[in-house]
Amino acid sequence: MNLPERHYVADGVADKIISKILAVTDCNGADISINHFKYDQFHIGGAVATQELLKLMGDVTDSAVLDVGAGYGGVARYLAHFGGANVMAVDLAQSYVESAQKIHESFPFSGRVTYLQGDVCGDFSGAEMGAPLFDWCVWVHLGMNINNKENALKSMYNKLNNNGKIIIYDVLKTGDDILDEKCFPLPWADNGAQSFVGDIKTYENSLLGAGFNVVYKEKYDEILPKIINNPTPDDVIPFAGSDFKLCLENLRQLLACGAVAPWFIIAEKI
Ligand SMILES: C[S@@+](CC[C@H](N)C(=O)[O-])C[C@H]1O[C@@H](n2cnc3c(N)ncnc32)[C@H](O)[C@@H]1O
């Protein structure tokens with residue numbers, strides 16, 4: 001088992017997500033609401049940030065979308081249900097892929113999502129992914145686990161059609177400081193050896209090296225006050241790590257002191 005897989009263990013998480021969703025939705029009705037996306041998003045800002053992501057992507061009706069590092073599939077389902085996209089959701093952790101599938105089957109989501117195990121650092125070229133080439137690659141809170149971002153982005157480049165674009169929503173460093181061990185655990189890593197947080201220059205250079213041109217970048221700090229000013233609740237679903245509440249609290253501290261911030265980046269093939 002490699003380093004991220006040791007952190008991303010999903011024991012019983014799907015059932016917890018499903019029961020939380022059932023508690024805030026009409027379980028007899030066939031209508032899907034934003035509440036169905038309240039507990040399955042593993043990134044800063046949850047469904048509000050995903051809503052922003054879809055807004056930035058624009059019309060994705062019938063588009064082929066490759067969601068990498070898809071986690072419990074919350075972003076993929078959102079893009080399929082509200083955007084009308086056909087989504088291939090890929091994650092390294094088999095237990096996450098199974099959890100995502102279970103959540104999907106528990107509610108009447110519309111749109112098409114296929115869940116698949118895969119490693120963005122491996123060879124994606126021969127992977128069986130439904131669509132031969134994609135219109136969009138969606139990469140949400142994945143880069144913090146990827147040491148060689150340029151190589152992983154090259155694989156994404158090869159999976160996109162000529163007009164294809166990638167949208168990244170990641171946690172970026174604001175300064176040169178490395179995150180020392182006392183900052184950990186964090187939601188994406190138990191320790192510094194699992195964590196590869198880059199700054200905006202790292203992303204721009206990696207994207208350029210992989211054949212992309214950055215067309216949009218935004219430090220998404222409008223989401224921060226809500227997170228910084230609200231302590232993590234005790235009953236938070238333990239998405240990952242051995243103490244997920246501590247992971248979230250540590251991240252809250254880093255966001256509050258401005259050491260890291262969430263960014264959106266969109267890049268197109270050159
Ligand atoms: C912080 S979670 C984000 C999940 C999802 N994108 C979301 O926003 O809800 C990061 C995810 O990336 C996955 N991951 C980490 N390294 C990966 C790799 N090399 N290839 C594919 N997925 C990876 C993890 O298993 C985890 O599910």
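**Close-up 1. Helices α2 and α5 cross at roughly 25 degrees, their axes coming within 9 Å.** The axes are lines fitted to C-alpha atoms, for helices over the stretch in contact, with angles running from 0 to 180 degrees between N-to-C directions. The crossing makes α2 roughly parallel to α5, a description used for angles under 35 degrees. On the α2 side the contact is made by Val13, Ala14, Ile17 and Ile18, and on the α5 side by Ser99, Lys102, Ile103 and Ser106; two residues are in contact if their C-beta atoms, placed from the backbone, lie within 7 Å. This is a predicted model, in which local features need pLDDT of at least 70 and side-chain atom pairs count only at pLDDT 80 or more, while totals for chains, interfaces and linings use all residues. Residues are numbered from 1 along each chain as its sequence is written, and helices (H or I, at least four residues) and strands (E, at least two) are DSSP runs, numbered from the N terminus.

**Close-up 2. Lysine 16 is found in helix α2, residues 13-24.** Lysine 16 counts as partly exposed because it has 18 C-beta neighbours inside 10 Å; a residue is buried if 20 or more other C-beta atoms lie within 10 Å of its own, exposed if 12 or fewer, and partly exposed in between, with C-beta atoms placed from the backbone. Although lysine 16 and isoleucine 237 are 221 residues apart along the chain, their C-alpha atoms are separated by 6.8 Å.

**Close-up 3. Helix α4, residues 74-83, is largely enclosed by the rest of the structure, because eight of its 10 residues are buried.** These buried residues are Gly74, Val75, Ala76, Arg77, Tyr78, Leu79, Ala80 and Gly83. Their cover includes the helices α3 (46-57) and α5, together with the strands β1 (64-68), β2 (86-91), β3 (112-117) and β4 (134-140). After α4 comes glycine 84, whose phi is positive, near 75 degrees.

**Close-up 4. Helix α9, residues 244-256, has 13 residues and reaches 18 Å from its first C-alpha to its last.** This reach is close to the 18 Å expected at 1.5 Å a residue, where the expected span is 1.5 Å times one less than the number of residues. In α9, Cys247, Leu248, Leu251 and Leu255 are buried. Seen down the axis of α9, the buried residues fall within an arc of 95 degrees, so they line one face of the helix; the arc is that of the directions from the helix axis to the C-beta atoms. An α-helix has 3.6 residues a turn, so residues three or four places apart point the same way. The buried residues of α9 pack against α8 (224-228) and β7 (260-269), and the helix is followed by glycine 258, whose phi is positive, near 80 degrees.

Key. Angles under 35 degrees count as roughly parallel, over 145 as roughly antiparallel, 65 to 115 as roughly perpendicular and the rest as oblique.
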